[in-house]
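User: I am new to this structure and would like a guided look. Could you show it to me, please?

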Amino acid sequence: MNFNATFIGQLIAFAVFVVFCMKYVWPPLIAAIEERQKKIADGLEASERAEKDLELAQEKATEQLKDAKAQAAEIVEQAKKRANQLVDEETQKGRDEREKIVASGYAEIEAERNRAKEELRQQVAVLAVTGAQQILQREIDAQAHNDIVEKLVAEL
Amino acid sequence: MTNATMCSTENGIAFNKACSDAGFWQWHVDTLGWSIVLGIFFLWLFRSVGKKATTGVPGKMQAFIELIVEFVDDNVKSTYHGKSALIAPLALTIFVWVLLMNLMDLVPVDLLPWIAGQIGAAGFGMDPHDVYMKAVPTTDLNLTFALAFGVFVLIIYYSLKMKGIGGFAKELTMQPFNHWAFIPVNFILETVTLLARPLSLALRLFGNLYASELIFILIATIGYFQLPLHFMWAVFHILVLPLQAFIFMMLTIVYLSLASEDH
């Protein structure tokens, strides 16, 4: 176990190995490791961000859904109201129409009655005159008493 | 447990016993060879994965390599608070390299020396018993001290860089007793502290691995009952070997962070 020149040889070998390691072995390995660490860190960050985005989007979607539901309910409500209104209006219109028709029917009936009355009166007048003529044939000149007959007719 | 030694003598390159009087200029070719092969294996493996590294879904191999890299990187980031392009690759190199060298401990203790002996006998006409092969480089003090010395140089470098010469000198002389009369005492204390760091790094790793290798060899000598004991000891070492590599790496980071932080 003697101490000898091997020491020098080993020292040189050690120095050369360390320098070689420092120059050519360490940098690519540690660069790869650090690069991957960065990648993983970025990936994790991205996933976290995506998760947050997703959460946000879900929240938004829920909100929109709620809005949409509310809107739909409102629209349905409005539609119902409108329909009711329409029905009311139509009913009202129909009632008006009916009344108008009924009124016009009454008016027509009235007019017809009046006409019939008039006709009847005239016929009665003619009949009365004819009757009176037959009664008074001899002494009464139809021409001379026409104004009396007229008067009678007007009074009827 | 003897290293294969190489030295140059007047007759050219010689091996092992012929080198016993070569003094300092002997080379443990097995330590050097195994450690360099393992170091190159580590660099090649990590480099080839690093070149193909995708930032998307990693393959199994890439995931495994990244596991180690991230483990080291986490430790560095939690301990060393400055910015440095060197600390993390240094820690990774130390951890994986030392771990690989330690793992050689789990190769059956006689296998590689036996193979080396056969090769030596067949290829070079040597007596197989004269061919030494120690496959666990971390059981060689030269290697652990080289690693620790490298770390020590970096400790000094970071101390000077972060605190300046004045700051470093002040740290050595004005602690723990902040009075001019205590400067020599402080200096001795702080110097011991400073030197104890690389020394303990080197000796800890060496001691653990040398002892475990020694026990493997002891177990190997007891005959037929060695198998269960080998198994148990090896299982125990699945814990010990990465732990020693981790301790070496962690203490390196701690020492360098201490060196580059102002008190």
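User: To start with, how many helices and strands does chain B have?

Analyst: Chain B contains 7 helices and 3 strands; both are DSSP runs numbered from the N terminus, helices being H or I with at least four residues and strands E with at least two. In sequence order the pattern is β-β-β-α-α-α-α-α-α-α. This is a predicted model, in which local features need pLDDT of at least 70 and side-chain atom pairs count only at pLDDT 80 or more, while totals for chains, interfaces and linings use all residues. Residues are numbered from 1 along each chain as its sequence is written, chains are lettered from A and ligands numbered from 1 in the order in which they are written, and side-chain values use heavy atoms, with hydrogens and water left out.

User: What does the C-alpha trace of chain B span, and what share of the chain is buried?

Analyst: The C-alpha trace of chain B spans about 65 × 55 × 40 Å along its principal axes. Of the 263 residues in chain B, 44% are buried. Buried means under 20% relative accessible area, exposed means over 50%, and partly exposed lies in between (1.4 Å probe, protein chains only).

User: And how many residues of α3(B) are buried?

Analyst: In α3(B), 16 of the 17 residues are buried, so this helix is mostly covered. Helix α3 of chain B covers residues 87-103, and its end C-alpha atoms are 24 Å apart.

User: Which residues form the nonpolar patch on the surface?

Analyst: The patch consists of Leu103(B), Leu106(B), Ile222(B), Phe225(B), Leu229(B), Phe231(B), Met232(B), Val235(B) and Ile238(B), with about 880 Å² of accessible area together. Patches are made of residues with over 30% relative accessible area and no salt bridge; nonpolar side chains (Val, Leu, Ile, Met, Phe, Trp, Tyr) are joined within 5 Å, and like charges within 9 Å. Accessible areas come from the Shrake-Rupley method with a 1.4 Å probe, and for residues only the protein chains shown count as cover.

User: Which helix gives the most to it?

Analyst: Helix α7 of chain B (residues 226-259) gives the most, with 5 residues. Ile238(B) is placed in helix α7 of chain B and, at 55% relative accessibility, counts as exposed.

User: Changing topic, how many aromatic pairs are there over all chains?

Analyst: The search of the whole structure finds 14 aromatic pairs. In Phe71(B) and Phe246(B), the ring centres are 5.6 Å apart and the planes lie at 35°, so the pair is tilted. Rings of Phe, Tyr and Trp (its six-membered ring) pair if their centres lie within 6.5 Å; planes under 30 degrees apart count as stacked, over 60 as edge-to-face and the rest as tilted.

User: Where do Phe71(B) and Phe246(B) lie?

Analyst: Phe71(B) is in helix α2 (residues 60-79) of chain B and Phe246(B) in helix α7 of chain B, so the pair ties together parts that are 175 residues apart in sequence. Phe71(B) is partly exposed at 35% relative accessibility, and Phe246(B) is partly exposed at 25%. A further pair joins Phe216(B) and Trp233(B), whose centres are 6.5 Å apart with planes at 70°, so it is edge-to-face.

User: Which residues do ring pairs link into a cluster?

Analyst: Phe7(A), Phe149(B) and Phe152(B) are linked into a cluster by ring pairs.

User: How many salt bridges are there over all chains?

Analyst: The count is 10 salt bridges over all chains, each being a side-chain nitrogen of Lys or Arg within 4 Å of a carboxyl oxygen of Asp or Glu. Lys77(B) forms one with Asp73(B), with the closest N and O atoms 2.8 Å apart. Asp73(B) is buried, at 9% relative accessibility. Glu34(A), Asp73(B) and Lys77(B) are linked in a network of salt bridges.

User: Which residue forms a salt bridge with Glu112(A)?

Analyst: Arg115(A) does, its closest N and O atoms being 2.5 Å apart.

User: What does UniProt list for residues 40-126 of chain A?

Analyst: An unreviewed UniProt entry gives "coiled-coil region" for residues 40-126 of chain A; such annotations may be inferred rather than shown by experiment, with positions given in the numbering used here and feature names shortened. In the model this span is 100% helix and 0% strand, and its end C-alpha atoms are 124 Å apart.

Definitions and conventions:
Expected span 1.5 Å × (residues − 1).
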